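Okay, thanks for coming, everyone. Let me put today's model up on the screen.

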Amino acid sequence: MMTTTTTNDEINSMALEAGFDHYLIVRDFSKQLKRFAALVAAHEREACAKLCEDYTDNDRGAYSDDEGHGYECAAAIRARGEK
């Protein structure tokens with residue numbers, strides 16, 4: 001299974017794009033920003049995993065999943081957050 005992690009440089013770049021001051025990012029908030037980014041990513045993973053489960057649990061016509069692949073997909077999404 002392939003996992004990806006967001007680097008400090010990527011987090012800092014996103015913080016700059018969001019309007020954070022460069023000095024504050026580098027000197028004062030780097031640990032907090034990294035933790036915040038991890039929390040946001042975990043929240044989004046869970047939302048995506050639940051969407052996969054919903055497709056398995058509900059009859060979606062052409063999207064119905066009688067074999068439970070939605071649960072496998074949900075588990076794979078959740079596993080991306082494990083180290």
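So, where in the protein is confidence lowest, and where is it highest? This is a predicted model, where local features need pLDDT of at least 70, side-chain atom pairs count only at pLDDT 80 or more, and totals for chains, interfaces and linings use all residues. Residues are numbered from 1 along each chain as its sequence is written, and side-chain values use heavy atoms, with hydrogens and water left out.

Back to that question: helix H2 (residues 22-28) is lowest, with a mean of 79, and helix H1 (residues 8-17) is highest, at 89. pLDDT, by the way, is the predictor's confidence in each residue, from 0 to 100. For the protein, the mean is 80, and 80% of residues reach 70 or more.

On to the fold. Helices here are DSSP runs of H or I, at least four residues, and strands are runs of E, at least two, numbered from the N terminus.

Buried, meaning under 20% relative accessible area with a 1.4 Å probe, protein chains only, covers 18% of the 83 residues. Looking at contacts (heavy atoms within 4.5 Å) with a separation of 6 or more, 41% are between residues 24 or more positions apart.

Now zoom in on Glu53, which sits in helix H3 (residues 30-57). Leaving out residues up to four places away in sequence, Glu53 touches Gly70, Tyr71, Ala74 and Arg78. With Arg78 there's also a side-chain polar contact of 2.7 Å; that term takes a pair of N or O atoms within 3.5 Å, and within protein one must be able to donate a hydrogen and the other to accept it, with residues adjacent in sequence counting only if both atoms are side-chain atoms.

Notes
Buried < 20%, exposed > 50% of the residue type's maximum accessible area, 1.4 Å probe, protein only.
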